[in-house]
Amino acid sequence: MQHTSYIEISKSAYAKNIDFLRSEVGKKTEISIVVKGNAYGHGIENIVPLAEENGIRHFSTFSSDEAFRVYNSSLHNSQVMIMGMLENADLEEITLKGISFFVFEFDRLEAAISTAKKLKKKAKVHIEVETGFHRTGFEWEDREKLAKILQENQDCLDLKGLCTHYAGAESISNYVRVRRQIKEYKRFKKWFSAQRLIFEKYHTACSAATLSYPETVMDMVRIGIASYGLWPTMETYMYRFQSLPENNKNPLKRLISWKSSVMNTKKVDMGEFIGYGSSYMAPRNMSIALVPIGYGHGYSRLLSNQGKVLVRGKMVTVVGTVTMNSIAVDVTDVEDVSKGDEVVIIGCQQDKEITVASFGESTQQVNYELLTRLPLDIPRKVVD
Ligand SMILES: *Cc1c(COP(=O)(O)O)cnc(C)c1O
């Protein structure tokens, strides 16, 4: 099958991101790379071996199907951790494969224990506690019942972690809430320790917490977006900007580039409409180039008459509406554009760049959303 565009994933950028993150968290803290959402659109099967080449041995997923994919692509027996959804029916396979998982309710805890008993193999659990995110996590009031079950089932449970997740560490508007969460987590930790319940790893931090709240960096951090070379928000970047060394103000490098090529070129007379309907009338005699990517490939319709791409080192604008499979761009001022020329949708060409953030700003999507919406069937290739 022929593809109309492709995504490149940069190995060297990845290595730089991991180096930077290691320097941030120090030697004693393990980095777990979050690969939910198909590794933020990059492809689990691409990212796992790449991360392992860079010394990573721990991965976090949302669901059990993603965890099995990580398990199958790991070449170094890395630890896999499920942070969200699993069916109790999956617990046998999960336990046999030594995959660890968040437990935030008694039902799952009991299922984990009975599976472990049946298999005569310990279940690896991370106890998630409610500190203020209010989505998942055991409540403070649950602690005694919970502690009792954990103590009575020490032979079936491997207490891999005590964890929580922050409700928006990427924005100052949540500052007070996050501070309260840190305090609440410490209260749980202390209480469990007093009951002689010790966990292998204490972990709470995502990218934003790691970069803006150093005290949330404990035995392990769960890093998603930053490992893919994007700041969680501009705010997080601003917060850190001053403290970044003068010679490296941009330590996070975007991994992906998204590229296509010119499919056709055409002359359009002044006064004619371009594409469907009448959203764009040619204000002069124009040359346009057709590029075979559209909203069906994740290129938002909101970019109609607005999106930018790079052709022959020049930044050019989408004219008319984005259709399902193509866009037209104005190449009147670019010389010699012809069929087959490279078109960059995200990434660099000569001295120009289109960033994920700039793309996101015009469509009101956050970095996370744009990446995970890139369709699975666009081929991804890892490049140096
Ligand atoms: C997604 C997620 C992370 C990683 O978040 P980033 O902002 O991408 O670093 C960490 N922990 C949990 C529980 C998550 O769901």
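How much space lies in the second largest pocket? The second largest pocket holds about 580 Å³ of space. The model is predicted, so local features need pLDDT of at least 70 and side-chain atom pairs count only at pLDDT 80 or more, while totals for chains, interfaces and linings use all residues. Residues are numbered from 1 along each chain as its sequence is written, and side-chain values use heavy atoms, with hydrogens and water left out.

View 1. Of its 20 lining residues, Leu-230, Met-234, Thr-355, Ala-357 and Asn-367 are the closest to the centre, where a lining residue has an atom within 4 Å of a point.

View 2. Helix H10 (234-241) and helix H11 (356-363) each give two or more residues to the lining, and H11 gives the most, with four (helices are DSSP runs of H or I with at least four residues, strands are runs of E with at least two, and both are numbered from the N terminus). Domain 1 (11-241) and domain 2 (256-383) each supply at least three lining residues, with bounds from an automatic or database domain assignment.

**View 3. The largest pocket.** About 770 Å³ of space lies in the largest pocket, and among its 31 lining residues the closest to the centre are Lys-36, Met-83, Phe-133, Arg-135 and His-165. Strand E4 gives the most to this lining, with three residues.

Notes. On a 1 Å grid over the protein atoms alone, a cavity is a set of points where a 1.4 Å probe fits but cannot get out, and a pocket is an open set with protein on both sides within 12 Å along at least five of seven lines; lining residues have an atom within 4 Å of a point. Grid points are joined across faces, edges and corners, and a volume is the space filled by probe spheres set on the points.
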